[in-house]
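Reader: Could you walk me through this structure, please? I am new to reading these.

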Number of protein chains: 4
Amino acid sequence: MRKFGIIGVGHVGATVAYTLVCKGIADELILIDNNEGKATAEQLDLQDAQARLDTRTIIKTQDYSELEDTDVLFVTSGNIHALDNVSGNRWAEFEYTREIVKDIAPKIKASGFDGVLIDTMNPCDAITHYLQRETGLSRQQCFGTGTFLDTARMQKVVSDVFDVDPKNVTGYVYGEHGESQFSAWSTVQVNGLDILDLAHEQDLDLSELEDKARHGGWAVHSGKGYTSYAIATCAVKLSEAVLSDAKLTCPCSSYSEKYGTYVGQPSIVGKNGIESVTELPLPDDEEAKFKHSADTIKEKFATL
Amino acid sequence: MRKFGIIGVGHVGATVAYTLVCKGIADELILIDNNEGKATAEQLDLQDAQARLDTRTIIKTQDYSELEDTDVLFVTSGNIHALDNVSGNRWAEFEYTREIVKDIAPKIKASGFDGVLIDTMNPCDAITHYLQRETGLSRQQCFGTGTFLDTARMQKVVSDVFDVDPKNVTGYVYGEHGESQFSAWSTVQVNGLDILDLAHEQDLDLSELEDKARHGGWAVHSGKGYTSYAIATCAVKLSEAVLSDAKLTCPCSSYSEKYGTYVGQPSIVGKNGIESVTELPLPDDEEAKFKHSADTIKEKFATL
Amino acid sequence: MRKFGIIGVGHVGATVAYTLVCKGIADELILIDNNEGKATAEQLDLQDAQARLDTRTIIKTQDYSELEDTDVLFVTSGNIHALDNVSGNRWAEFEYTREIVKDIAPKIKASGFDGVLIDTMNPCDAITHYLQRETGLSRQQCFGTGTFLDTARMQKVVSDVFDVDPKNVTGYVYGEHGESQFSAWSTVQVNGLDILDLAHEQDLDLSELEDKARHGGWAVHSGKGYTSYAIATCAVKLSEAVLSDAKLTCPCSSYSEKYGTYVGQPSIVGKNGIESVTELPLPDDEEAKFKHSADTIKEKFATL
Amino acid sequence: MRKFGIIGVGHVGATVAYTLVCKGIADELILIDNNEGKATAEQLDLQDAQARLDTRTIIKTQDYSELEDTDVLFVTSGNIHALDNVSGNRWAEFEYTREIVKDIAPKIKASGFDGVLIDTMNPCDAITHYLQRETGLSRQQCFGTGTFLDTARMQKVVSDVFDVDPKNVTGYVYGEHGESQFSAWSTVQVNGLDILDLAHEQDLDLSELEDKARHGGWAVHSGKGYTSYAIATCAVKLSEAVLSDAKLTCPCSSYSEKYGTYVGQPSIVGKNGIESVTELPLPDDEEAKFKHSADTIKEKFATL
């Protein structure tokens, strides 16, 4: 049986829950939130949907002891209002989310949880690192969605220009799930053609596309006050790769031995979480950007 | 190709959109909202998810002319804050939603829309009736989710008592999607056994269950400020019955010739919308409640 | 993780495997067949599909030791050619399938399998009983698809007459998955109306419908040489009810304390397999048919 | 509404039908076969499954006039026994399938069909060309699955070596869906790394992998007598790209202006069928193989 837990049922957590239920992915689901009334309300809303769904999910709330045999735990806490006046800077959430970690990490540890933890909190890379340290989970078991979402946004932005399916666009966004991230254009292909060649031929400004991908989240945020669907879709996809031991390449926030920090990079996701990290031979300028972004994360993390 | 439209991308409309996209139900989707920024943000959030989904949906916004060849149009507008101080009374939204109808009905009409319209606005029965009249759509083509959701809640509440799957509970909630609704216990079976017999044997207070079903929405509302997942699941299920011409029995808000109003009752949903209404032989007390509920809707409707 | 096993990858077993893979239901799947080449070919064909599916399933073959931690095991062996000259009589497969049981039961036992076993072999009721006895599994853990398929056929046949969705038809076929089965019309409703009343009003010959449901399998068999899609769909649905502990009512072949045999009857399916049996108050003539059908199964079983 | 037709309900056609039904992709489905009993049996078997599926599909048989408003038509006819003694040579089916085209093409034409036709017959490239010519459909509208399947097999074979998800393997098999095909290794990446580099580092024999991919179908054929699941999955995926106008890159059999024949090559699939062909800059040896394979197809086609 597939058992999932979600800590933090705000917009992201609730959408993850809905996705797991409406697609019949979860057999059992535990919802935990500081606000018990919110967790209960989401449980009820999802249970009210059950009579209209072909699949069934057992939904429980607020009980950390249920995490003991949970396969995948999403940590999706956050305080989106922390971002209201600081558009473009996810570090503004750090103060809030590190308090969350201090609260939940001991409880996760005490529960005996030994599955895979997928973190969507912000600033994703630093807080995932902190969460990993505080829970005592291995670096394999604990990773963040990181640039999995930013890469999806890059694919979307590029696919718009070339009028193709986003899935025709391969390649990765590296680095921080934040300002210092970058699209590693050397890795990007459109319909199997190198985007660097295409950009040259068509006189295309890739930095403009990169900006659009980087700030895609803020465009959504400014219109609806938060982001939910794309991030939840990414988180659920990662969890499916874990449960089926897919060994799927996903650019997400995993620990880099080279740079000594969690950072967005192509990683192989399977039943143990991060099965391995793929080190692509990046050109010097991209490697420099990668190092810079990793350093940015490390610096902030050191302030903890 | 399956083409859907949604007018009003608040919590319900956005969740309907996400469901259509994440389950690959919609090939094309038009989002329309008074707040253009909200419609665009939802479009972007859903598009950002596309690279992580196996299916593809073309998503457009704000263009009524796209409704001309739309198969199913959801109208999910509303102002949930209208309910903040009037828990238990969906009529509080009437003032707000009838203004919406005055705004959108002529635009729907002008678009040449000739598909099936599914309404989730509140007060559902009266506003669906009004919307039908103002759009000039036939009574077949235009119906409301009505007690499809309340019936799901009744199934959930009953299934909890008997520790079974909500789908093991058959039968219908009739009447207004509001206070005057009632669970027609004469129609309800649990695992194939009449609930009236079971209640008698087990000394079970059915009126308590009925209250719980009736007020299930408010329990959700009080915890999360709105309801979204169950209502969206119901709306999408109705749309699927339309597209596949399923002729599926659904207790939803359709026009009753007998009572001269839209009201929640078992209806057969197919490609034309409401293919027919099923008149079950209700016992006198239930028929009286049904008439009372229909009258309640009519009276309010007459105030328009 | 959801782990499934299939013993016997003929038409039914292979279709079950394909369904589990193409719908992303299984995380891991073990295929076992007397004909190793067949098992390997199905494994390869399913693996070749993986690059085109959004989900992933690990597929292994021929290793009974993998059953130790398998959640649901389908036994779908059979020799359809045993039926070629005896249309209408599934007992013709008994000689063949009991040899299969003698072969596989000790291997299942030795594997330490302790999940739920769903049997589709024929004659379903007797061979499921035999399989349960020989594997030493509990009567809860081991059940047959039985009249779950015949009930689906009854729903289809009735829905055709009334031009509605088969899901609008509720009620059960009881008894043997074979000639002595019967549609318990007292339990059947169409759109919530008793079919006995409808039949009376519309001068409808229910025995004709019953025959059509009973012989639906042979109609398929005569055209394609075997049946596969409906039976596989039924088997998979039962397994989903197990994995999600759905406590879903399913008319399948479970052990009847009253009649001392496995026989088709409404049963509640959950994580333990058969959670309980629902004893509906059948009218005398139907109860007599039920007893007769159960006795038929018992007699044949006694010949073992 | 999504309307599909299938001509030829053998193993491939029936599996396509089952996939469309069990995943709820098709709203309406027309099955056509020379053997009316086979078509009817598959219809019945699929209809018997409907009561156990959450979605609904209207299934009709044998009526060419239904093709007039069909969105996607699969032609999946064939005579697998034509291959029994000629392992490795799909041209053996040509004599059989060209007779089929002579039979069905005028009927398709007469029906007024104007959707997209996806062909799985063998020898795929030549017979698709012939079918296109005889039906009078445009070269956009009519294409074959071609190397979409061979590419999936190459992805599988490569993913086995590197122990990753087949979806981590990008790149294409070009040419004939037959012996003269080749894996264009210059286009293939594993986890974003060029396979040519990996093969060099790891002393890997790519020609061995190529052979395994090329002959994957025969491995399946030898064990089960036909292939069905992977080819059906490929065909359905192509149809979904058409219905959602996905503009998805798929290496399938489309018309090459350069070589004057249908041949497997990366193509963009959308609502019009083949939206465009992607001409990747292949190295000289691969381009030579591509030309050779295209010439092989042209020669055989000329024998018609």
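Author: Let me begin with a term: a polar contact is a pair of N or O atoms within 3.5 Å, where within protein one must be able to donate a hydrogen and the other to accept it, and residues adjacent in sequence count only if both atoms are side-chain atoms. By that rule, 10 residue pairs are in polar contact across the interface of chain C and chain A, both at pLDDT 80 or more. This is a predicted model, in which local features need pLDDT of at least 70 and side-chain atom pairs count only at pLDDT 80 or more, while totals for chains, interfaces and linings use all residues. Residues are numbered from 1 along each chain as its sequence is written, chains are lettered from A and ligands numbered from 1 in the order in which they are written, and side-chain values use heavy atoms, with hydrogens and water left out.

Reader: How many salt bridges are there across the interface of chain C and chain A?

Author: There are four across that interface, a salt bridge being a side-chain nitrogen of Lys or Arg within 4 Å of a carboxyl oxygen of Asp or Glu. K237(C) and D54(A) form a salt bridge through their side chains, at 2.9 Å from N to O.

Reader: And how many residues does each chain bring to the contact?

Author: Chain C gives 18 residues and chain A gives 18 residues, with contact meaning heavy atoms within 4.5 Å.

Reader: What area do chain C and chain A bury between them?

Author: They bury about 1400 Å², 39% of it on carbon and sulfur atoms; buried area is the accessible area (1.4 Å probe) that two parts lose on being put together, summed over both.
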